[in-house]
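The points are grouped by topic below the display.

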Amino acid sequence: MHSNKSMIVPRSRRQVLAGLLAVAGTAVAAGPVLAAEAVKKDQEKKGFDTRKLFQGLGTILRASQGLDYESEKTIGESLALEGFKRYGMPVEDEHVQRFVNLLGVSLARDSMRPDIPYRFVVVKNDVKNAFSCPGGIIFLSSGLFTSLKTEAQLACVLAHEIAHVAHKDAIKSIQQAQFLKGVGTITSSAMEGEKGRQFQAMIGDLQTTLFDTGLSYKMEYAADLGGMDTAYRTGYGPNGMIETLQILRSEEKGAIMKGSWYSTHPPLAKRIANCQAHLRDFSDYKQMRQHTGRLQWYQKRV
């Protein structure tokens, strides 16, 4: 039997996550994060119990009407810890992490959901992958980071993941699975026994969705186009998305498939075709930022 504390993100686990993100330098780069954490600590001093965020499973089932951010963030933190276990520790280079965070935060401000803090972390792993957790923690593997040729391509990859957060795709996947339908209020007692196992299973299945099987094709196609829009608004060429997919296609032979963008995303040919059609909406895309010359400097540090 799992204890109640294992079902949600206890403070000790949050401290572990905060430490990992600090290693990644995200706290340095993402000012809003510091503010949010300060508010959280102040709330805790005043007796605010984050576990109350999960009281009432109806809260989660109301996601279609708008899951509150703190609950979404708590789910995302659980998944982020698993992400570090599966994909490795952050690249220990503050310049790399700061660069990716500054770019990511700039993109997030021009996204469809600019009002939450985002954190970006480059992890040491040869698998070419990027994924986002609910609440705004976004992972980028060193394998994918070092495969990119231009800053516009990197911007489009990050913007694609930001779009998943903005669209709340992972949370919608929970709804579609309906793991929690019909369950009563999540309290300490409700998290024990069978209901607790159901909640644990829901988190486990969401991990499988994000890390192994992937989100729905429809969600991925929408994130591709949404990412192009965001990159364009930030001043980057939206053609970077097409180029990234073409790079992945050229390197597909011999690449690690499990847990990569190859296995968790739709076929590349269809994605490229969709993005090429969307690119026609940007008549001036060639005038947007493509290269800055700094990406390669950071890639050498990974």
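Residues 24 or more positions apart supply 76% of the contacts in the protein that have a separation of 6 or more. The model is a predicted one. The protein holds 16 helices and three strands, and 56% of its 302 residues are buried.

**Helix α6 and its ends**

- Helix α6 covers residues 69-87, which is 19 residues.
- From the first C-alpha of α6 to the last, the distance is 25 Å, close to the 27 Å expected at 1.5 Å a residue.
- Of the 19 residues in α6, 16 are buried, and the helix is thus mostly covered.
- Asp68 sits in the loop between α5 (63-66) and α6.
- Asp68 and Gly135 are separated by 67 residues in sequence, while their C-alpha atoms are 9.9 Å apart in space.
- Just after α6 comes Gly88, with a positive phi of about 100°.

**Glu82 within α6**

- Glu82 is part of helix α6.
- Is Glu82 buried or exposed? Glu82 counts as buried because its relative accessibility is 17%, and the limit for buried is under 20%.
- Leaving aside residues up to four places away in sequence, Glu82 touches Gln207 and Phe211.

**Helix α9 and the residue after it**

- Helix α9 spans residues 151-167.
- The 17 residues of α9 should span 24 Å at 1.5 Å a residue, and the end C-alpha atoms are 24 Å apart, so the two values agree.
- α9 is mostly covered, with 16 of its 17 residues buried.
- The phi of Lys168 is near 55°, a positive value in a residue other than glycine.

**Packing of α9 against α13**

- Helix α9 packs with helix α13 (residues 239-250) at an angle of about 95°, and the two axes are 8 Å apart.
- α9 is therefore roughly perpendicular to α13, as angles of 65 to 115 degrees fall in that class.
- On the α9 side, the contact is made by Ala152, Gln153, Cys156, Val157 and His160.
- On the α13 side, the contact is made by Gly240, Met241, Glu243, Thr244 and Ile247.
- By type, the residues of this contact between α9 and α13 are five nonpolar, four polar and one charged.

**Cysteines**

- How many disulfides does a search of the whole structure find? The search finds zero disulfides.
- Cys275 is in no disulfide, and the nearest cysteine sulfur, that of Cys156, lies 8.4 Å away.
- For a disulfide, the two sulfur atoms would have to be within 2.5 Å.
- Cys275 has 0% relative accessibility and so counts as buried.
- Cys133 is buried as well, because its relative accessible area is 1%, and the cut-off is under 20%.
- Cys156 is also one of the α9 residues in the contact with α13.

Notes
Residues are numbered from 1 along each chain as its sequence is written. This is a predicted model: local features need pLDDT of at least 70, side-chain atom pairs count only at pLDDT 80 or more; totals for chains, interfaces and linings use all residues. Side-chain values use heavy atoms; hydrogens and water are left out. Buried means under 20% relative accessible area, exposed over 50%, partly exposed in between (1.4 Å probe, protein chains only). Helices (H or I, at least four residues) and strands (E, at least two) are DSSP runs, numbered from the N terminus. The expected span of a helix is 1.5 Å times one less than its number of residues. Axes are lines fitted to C-alpha atoms, for helices over the stretch in contact, and angles run from 0 to 180 degrees between N-to-C directions. Angles under 35 degrees count as roughly parallel, over 145 as roughly antiparallel, 65 to 115 as roughly perpendicular and the rest as oblique. Contact means heavy atoms within 4.5 Å. Ala, Val, Leu, Ile, Met, Phe, Trp, Tyr, Cys and Pro count as nonpolar, Asp, Glu, Lys and Arg as charged, and the others, Gly among them, as polar.
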